[in-house]
Amino acid sequence: MNLTSALGVGPVQEMSGWLVLDLVPVQPGVQTLVLDSHPSLLIHAIDCKIAGQQAPPLSLTYRVDPFTDYGSSLNISLPAAASTPGQLVHVTVRYTTTDGPAIWWLDSELTCGQSRPLLFTQGHSVCNRSFFPCFDTPAVKSTYTATVRVPDGVTVLMSASRSSFSKLDRVFQFSMEFPVPSYLVALVAGELQHVDVGPRSRVWAEPCLLSCAVKKLGGSVERWLGVAEQLFGAYLWGRCDIVFLPPSFPIVAMENPCLTFIIASILESSEFLLIDVVHEIAHGWFGNAVTNASWEEMWLSEGLATYAQRRITTEAYGEAFTCLETAVRLDALHRQLRLLGDNNPVSKLQDYISEFKFQSVVAQDLIDYFLGYFPELKDAAVSQREGLEFERWLSGSGPPLFEPDLSAGVSLTGPVQDLCELWRAGAPPDPQTLSTFDLSAWSTFQIVLFLDRMLDLSPLPREVMSSLSSCYSSVFDGLNAEVQIRWLQMVVRNSFSPELPRVRAFLHKHTSRMYTVPLYDDLVAGVMKCVAVEIFSQTQHRLHPNLRRTLQQILFQTGSSAANQNGPALPVPSSANQNSPALPVPSSANQNSLALSVSSPANQNGPALSVPPSSPSAFTQPTATATASAAAGTTGTIALRDVNVSA
């Protein structure tokens with residue numbers, strides 16, 4: 001599949017242009033092309049041209065049908081000449097997209113430097129259909145190229161293996177030479193600068209953040225890549241760059257190939273930064289190279305990437321460190337299960353990557369490949385043996401059947417458990433006994449584990465909270481946000497009013513979803529809802545519209561409006577309709593701000609189009625796409641070739 005697209009971004013926050021898909025039918029009788037789309041994406045016209053023929057493009061009829069709350073299906077009627085197997089067909093879609101879930105527009109006051117606006121896309125898992133019409137499923141992969149025109153002062157980055165820049169024309173060109181699913185096409189544009197931190201990696205950020213980011217990462221990226229390559233084989237993607245995005249970024253990090261997106265807020269904690277970057281590096285093998293074919297089996301990406309991440313940290317930092325991090329995550333898993341209810345063969349993973357690289361797989365592929373190495377296990381029906389029942393692991397509910405042995409981390413987790421035991425007795429511990437525990441010498445993960453376990457014991461007696469505050473509050477206040485938010489959650493859950501000013505100060509300082517939503521949830525669930533409403537009314541103008549809407553739902557229990565993802569700041573709502581007003585149809589008159597284009601080699605001068613990603617924090621994981629919903633017998637099968645994006 002080839003994609004050619006041109007985009008213009010004006011003051012009304014829109015992208016408009018065209019997309020060209022080069023498609024090859026692999027069986028006769030193809031009558032309809034079904035693409036995933038979105039209500040925020042306005043289709044202007046569609047035409048097609050048969051490769052090798054001199055006839056002008058043929059205008060096509062189409063219809064847009066409702067599909068789900070996260071998208072639409074774009075049904076395009078194809079001419080009979082386009083149904084010949086092996087015949088290359090160019091399908092051009094002209095469209096405009098505005099404020100779909102994949103496209104995040106940040107006014108300058110929402111950026112870290114507050115000097116220039118910034119735009120980024122977030123396609124995981126089904127949002128890129130609001131960026132461009134596509135086969136928005138992880139089962140389909142394609143290469144692409146892209147060209148982006150921008151005004152002075154704007155730098156554009158994409159998840160691409162190669163890039164170039166023409167200063168005279170203000171044109172950025174990108175190409176992804178390896179096949180990727182649509183959700184891994186990503187773009188960011190704004191005031192960005194970089195520093196090389198290794199032979200194949202650089203750090204990008206706004207100027208005010210760059211020195212801090214470089215200092216935190218140093219030469220670690222190349223070290224982590226080297227360890228990963230020893231374990232899982234060669235890194236396949238060439239570049240391993242990292243861009244730090246403002247606090248409005250909806251998740252902690254995203255493993256876009258060649259260009260990891262990561263939230264700048266994580267720079268406060270070196271240990272969480274380490275884990276998150278290593279995890280995204282691990283996705284280079286598990287998730288990006290070999291991808292789950294269905295979102296129902298996302299564990300094939302996330303589960304194996306977490307395993308790989310812990311193999312890397314064990315090699316780089318020792319088993320005790322990895323056990324401590326695992327203990328923190330395992331506690332979080334059990335905490336989530338309590339909320340929701342219960343309802344060394346892997347060394348062969350290098351061969352698994354080689355066998356399935358740049359493909360999408362299902363769970364049975366992994367199981368069959370595993371048992372292929374151990375025919376005696378297959379012959380013995382090992383999958384029916386207690387504890388190894390694959391179907392139970394894959395489809396059952398509740399906690400894991402077995403948990404890892406974390407005894408190697410007891411030197412780090414033991415003191416945490418001992419301190420928890422002292423505080424859980426129901427009365428403040430003896431000060432002399434407490435003096436043997438020096439939290440200022442503990443790592444972030446140790447303090448987080450301690451606070452998480454104390455959170456599980458809340459509410460605590462008033463005298464215990466008072467003693468905890470006098471012992472540790474000043475220590476926590478000087479540490480990073482990962483520590484502070486857990487202490488402040490304890491303050492809120494225990495209605496400990498002496499520490500309430502710290503809650504206010506924290507929510508005035510931090511505007512990212514990862515730090516605001518948990519505290520607002522706790523404030524509303526307890527007796528401090530009025531405090532939450534007051535803080536929100538004072539800070540909402542500095543929150544991204546999507547986060548603002550989420551907090552409005554928490555505070556006022558209102559429905560959300562999918563039509564306007566970027567609505568204006570609202571006053572504290574009354575009982576009236578809380579949905580933001582619909583945006584006017586965007587005008588394409590002003591193309592000054594940004595032009596983004598994607599084109600095939602056949603047309604290097606065409607305009608550009610947008611391709612939308614989705615935010616995993618805002619949507620549930622779907623199990624189907626519009627492309628999969630077409631009636632059998634009328635749609636046929638289409639094979640994808642390369643995807644090119646240029647202007």
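**Close-up 1. Arg170, a buried loop residue with positive phi.** At 15% relative accessibility, Arg170 counts as buried in this predicted model, because buried means under 20%. Arg170 sits in the loop that runs between strand S13 (162-166) and strand S14 (171-180). Its phi is near 55°, a positive value in a residue that isn't glycine.

**Close-up 2. Phe358, another positive phi in a loop.** Phi of Phe358 is near 65°, again positive in a residue other than glycine. To find Phe358, look in the loop between H6 and strand S22 (359-361).

**Close-up 3. Two cis peptide bonds.** One of them joins His124 to Ser125, with omega near 0°. Ser125 is part of the loop between strand S10 (118-121) and strand S11 (142-149). The bond from Ser458 to Pro459 is cis as well, and here omega is near 5°. Pro459 belongs to the loop between H12 and H13.

**Close-up 4. The largest nonpolar core.** In soluble globular proteins, nonpolar side chains tend to be buried together. Here the largest nonpolar core has 179 residues. The residues with the most contacts inside that core are Val91, Phe244, Phe261, Phe286, Tyr352, Phe450 and Leu468.

**Close-up 5. Phe286 and Ile353, partners in contact.** If neighbours within four places in sequence are left aside, Phe286 is in contact with Phe232, Ser301, Leu304, Ala305, Ala308, Leu349, Tyr352 and Ile353. Switch over to Ile353, which lies in helix H6. With 4% relative accessibility, Ile353 counts as buried. Not counting residues up to four places away in sequence, Ile353 touches Leu236, Trp285, Phe286 and Val290.

**Close-up 6. Helix H7 under its cover.** Which residues of H7 (363-373) are buried? Ala363, Leu366, Ile367, Tyr369 and Leu371 are. What covers them includes helix H4 (299-317), helix H6 (349-356), helix H8 (375-379) and helix H9 (390-395).

**Close-up 7. The second largest cavity.** Rolling a probe the size of a water molecule over the atoms shows where empty space is left. The second largest cavity has a volume of about 70 Å³. Its lining has 14 residues, and the closest to the centre are Tyr235, Asn256, Cys258, Thr260 and Glu280. Strand S20 (259-263) and H3 are the elements that give two or more residues to this lining. By residue class, the lining of the second largest cavity splits into 6 nonpolar, 4 polar and 4 charged.

Key
Residues are numbered from 1 along each chain as its sequence is written. This is a predicted model: local features need pLDDT of at least 70, side-chain atom pairs count only at pLDDT 80 or more; totals for chains, interfaces and linings use all residues. Side-chain values use heavy atoms; hydrogens and water are left out. On a 1 Å grid over the protein atoms alone, a cavity is a set of points where a 1.4 Å probe fits but cannot get out, and a pocket is an open set with protein on both sides within 12 Å along at least five of seven lines; lining residues have an atom within 4 Å of a point. Grid points are joined across faces, edges and corners, and a volume is the space filled by probe spheres set on the points. Helices (H or I, at least four residues) and strands (E, at least two) are DSSP runs, numbered from the N terminus. Ala, Val, Leu, Ile, Met, Phe, Trp, Tyr, Cys and Pro count as nonpolar, Asp, Glu, Lys and Arg as charged, and the others, Gly among them, as polar. A nonpolar core is a set of buried Ala, Val, Leu, Ile, Met, Phe, Trp, Tyr and Cys residues joined through side-chain atoms within 4.5 Å. Buried means under 20% relative accessible area, exposed over 50%, partly exposed in between (1.4 Å probe, protein chains only). Contact means heavy atoms within 4.5 Å.
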